Amino acid sequence: MILLIAAVATFLAIHFLISGTTLRDRITGAIGEGPYMGLFSLASVGALVWMVIAFGRARSSPWNLSFWGIGHANRDPAIVLVLLAFLLAVPGLLTNSPTRVRGDSQVDNPDAAKGMTRITRHPFLWGVAVWAAAHLLSNGRLADIILFGGLLVLAVLGPLSIDAKRTRTLGDRYRAFMARTSNVPFAAILQGRQQLKLGEIWWRLVVGLVVWAVVLWLHPYFTGRSPLG
């Protein structure tokens, strides 16, 4: 369990203490953007693999206490939440945006605030947040709480870190993009700063639905558990 805590803490530290701070600016100034991205990607993948391995071991630990049970009351809503997560995350991956990795150049694109970014400028991370929350709801053991809780913290605070980083590098250009969009899903639409236009994203939503169905079907094969019970 200690290894899992260390792995999750390392993964969060890489993103919050390096990627989203001025330390990143100093590192890129010293070695360049390309080498930094390569090292950051390697560190992130390494920490992620460590998390997966540590989680697998922690699941069989005697310290993996159960804090709540699993039944229809929390399993069924979790399935719906994961569907919502895929409808945010998959279209987010298929959308060019200034918030994506190496997406700075998109900030001047007239279409930067269209499609999924009308809903939120961080669709992928909000998808991860909903996915993590769904797994917290349907998994009440300590190892699950540590892993999915850590990912939920990353996904909820990550957009704030990205916005601060882009504002530092792009200045008023990114502030103009933020003025036309929102971090919280649908906030800009409810405030009248955007309009929901499903015609711009319908095929991305279909892809998200298909991916969700495939993952739901394959879930028992790569986790040993079926969300359907």
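User: Is His219 buried or exposed?
Analyst: Keep in mind that this is a predicted model. His219 sits in helix H9, which covers residues 202–223. Buried means under 20% relative accessible area, and His219 has 18%, so the call for His219 is buried.

User: How far does helix H4 reach from its first C-alpha to its last?
Analyst: H4 runs over residues 72–93, so to speak a 22-residue helix. At 1.5 Å a residue you'd expect 32 Å, and the model comes close to that. The reach of H4 is 31 Å.

User: Which helices are included in what covers the buried residues of H4?
Analyst: H4 has a list of buried residues, among them Ile79, Val82, Phe86 and Val90. The cover over the buried residues of H4 includes H5 (123–138) and H9.

User: Is the crossing of H4 and H9 left-handed or right-handed, and how many nonpolar residues does the contact have?
Analyst: The crossing of H4 and H9 is right-handed. On the H4 side the contact includes Ile79, Val82 and Phe86, while H9 brings in Leu205, Val211 and Trp212, among others. By class, that contact has 1 polar residue, 1 charged residue and a nonpolar count of 13.

User: What about H1 and H3: roughly parallel or roughly antiparallel?
Analyst: Helix H1 (residues 2–19) and helix H3 (residues 33–58) have axes that come within 7 Å and cross at roughly 160°. Angles over 145 degrees count as roughly antiparallel, so H1 runs, relative to H3, roughly antiparallel.

User: Is the crossing of H1 and H3 left-handed or right-handed, and how many charged residues are in the contact?
Analyst: H1 passes H3 in a left-handed crossing. Among the residues making the contact are Phe11 and Ile14 of H1, along with Phe40, Trp50 and Arg57 of H3. The contact has 18 nonpolar and 4 polar residues, and its charged count is 1.

Note on methods: Residues are numbered from 1 along each chain as its sequence is written. This is a predicted model: local features need pLDDT of at least 70, side-chain atom pairs count only at pLDDT 80 or more; totals for chains, interfaces and linings use all residues. Side-chain values use heavy atoms; hydrogens and water are left out. Helices (H or I, at least four residues) and strands (E, at least two) are DSSP runs, numbered from the N terminus. Buried means under 20% relative accessible area, exposed over 50%, partly exposed in between (1.4 Å probe, protein chains only). The expected span of a helix is 1.5 Å times one less than its number of residues. Contact means heavy atoms within 4.5 Å. Axes are lines fitted to C-alpha atoms, for helices over the stretch in contact, and angles run from 0 to 180 degrees between N-to-C directions. Angles under 35 degrees count as roughly parallel, over 145 as roughly antiparallel, 65 to 115 as roughly perpendicular and the rest as oblique. A crossing is left-handed if the near helix is turned anticlockwise from the far one by less than a right angle, and right-handed if clockwise. Ala, Val, Leu, Ile, Met, Phe, Trp, Tyr, Cys and Pro count as nonpolar, Asp, Glu, Lys and Arg as charged, and the others, Gly among them, as polar.
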